[in-house]
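The following exercises are to be worked with the sequence and the model side by side. Each task is followed by a solution in steps.

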Amino acid sequence: MNYKTMLAKVLGEKELAEMNVKAIKDDESLFDELTNKKLLLVVDWSGEDKEGMLYGFFDSRLQSMLGIRLDVPEEEEVYQKYNQEIEEPQRGDFVPFALSYFDKRLEKLGARIVLLDLGTDTYNILVSYKIDAKKLKSIKSDFWKLSTLEQKQGRVVIYIICPNCKDTAYYDMSIEEESHQANVKCEECGTLSVSYTHLTLP
């Protein structure tokens, strides 16, 4: 695929000019390059590694791409809103809430949140120019499966704990696929598990 075409939608002009696209060997190398340069943020399903992680990333991306700051009254507001609006918060609830919260603000400023679906239990987050965000879903790639939050709705992460060896596993699938889900086999010991919980993606 043409990496430069995709990167032009998620990088600032200077960042794109400094990116040696021809030297990128494969999809995994590009993913690592974007992550190491903090152009793509990886967040665990359970929450931020530290408070302000998401705010800092989105603020930085807006500055690099559009030369503006994130329009939020204060960095802590997302946590205040979360505590006010989520009556019984569960582990894993914060990131979907925060992504929706920040995406609304980014959209007003000309950008959108885009998620890279790798079928894992992490949120792989990019920021795209608003005009290009929905176009990224049409990219023909087995690796770069990108979508906005609206396009991502209707998917769940299945979270399983094996009753035998206690190993954990995660599966990203559509709600329709989940409805046909039968016994799930543990990848470690082969035990069939009929019980699981799911985390609805934003």
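**Exercise 1: The sheet**

Leu 116 stands opposite Leu 146 in S4. The model is predicted: local features need pLDDT of at least 70 and side-chain atom pairs pLDDT 80 or more, whereas totals for chains, interfaces and linings use all residues. Residues are numbered from 1 along each chain as its sequence is written, and side-chain values use heavy atoms, without hydrogens and water.

Task: determine the order of the strands in the open sheet and the sense of their pairing.

Step 1. Helices (H or I, at least four residues) and strands (E, at least two) are DSSP runs numbered from the N terminus, and two strands pair if DSSP finds at least two bridges between them.

Step 2. Strand S2 (residues 111–116) pairs with S4 over 3 bridges in the antiparallel sense. S2 and S3 are also antiparallel, with 6 bridges; here Arg 112 has Ser 128 in S3 as its bridge partner. S1 and S3 run antiparallel and are joined by 4 bridges, with Leu 41 partnered by Ile 125 in S3.

Step 3. The order of the 4 strands is therefore S1-S3-S2-S4, with antiparallel pairing. Strands S1 (41–44) and S4 (146–148) are the edges, each pairing on one side only. Neighbouring strands are turned by 40° against each other on average, direction ignored, where axes are lines fitted to C-alpha atoms (for helices over the stretch in contact) and angles run from 0 to 180 degrees between N-to-C directions.

Step 4. S2 and S3 form a hairpin with 5 residues between them, and Gly 119 in the turn has a positive phi of about 70°.

**Exercise 2: The helices over the sheet**

Step 1. Helix H4 (residues 53–66) lies across S1, S2 and strand S3 (122–129), at about 25° to S3.

Step 2. Buried means under 20% relative accessible area, exposed over 50%, and partly exposed in between (1.4 Å probe, protein chains only). Buried residues of H6 include Phe 94, Phe 97, Tyr 101 and Phe 102; in S3, 7 of the 8 residues are buried.

Step 3. After H6 comes Gly 110, with a positive phi near 100°.

**Exercise 3: Aromatic pairs**

Task: classify the ring pair of Phe 31 and Phe 143.

Step 1. Rings of Phe, Tyr and Trp (its six-membered ring) pair if their centres lie within 6.5 Å; planes under 30 degrees apart count as stacked, over 60 as edge-to-face and the rest as tilted. The structure holds 9 such pairs.

Step 2. The centres of Phe 31 and Phe 143 are 6.2 Å apart and the planes stand at 75°, so the pair is edge-to-face. Phe 31 belongs to helix H3 (residues 27–36) and Phe 143 to the loop between S3 and S4, 112 residues apart.

Step 3. The rings of Phe 143 and Trp 144 are also edge-to-face, because their planes stand at 65°, with centres 5.0 Å apart. Trp 144 has 1% relative accessibility and so counts as buried.

Step 4. Elsewhere, ring pairs link Tyr 55, Phe 57, Phe 58, Tyr 101 and Phe 102 into a cluster.

Note on methods: Contact = heavy atoms within 4.5 Å.
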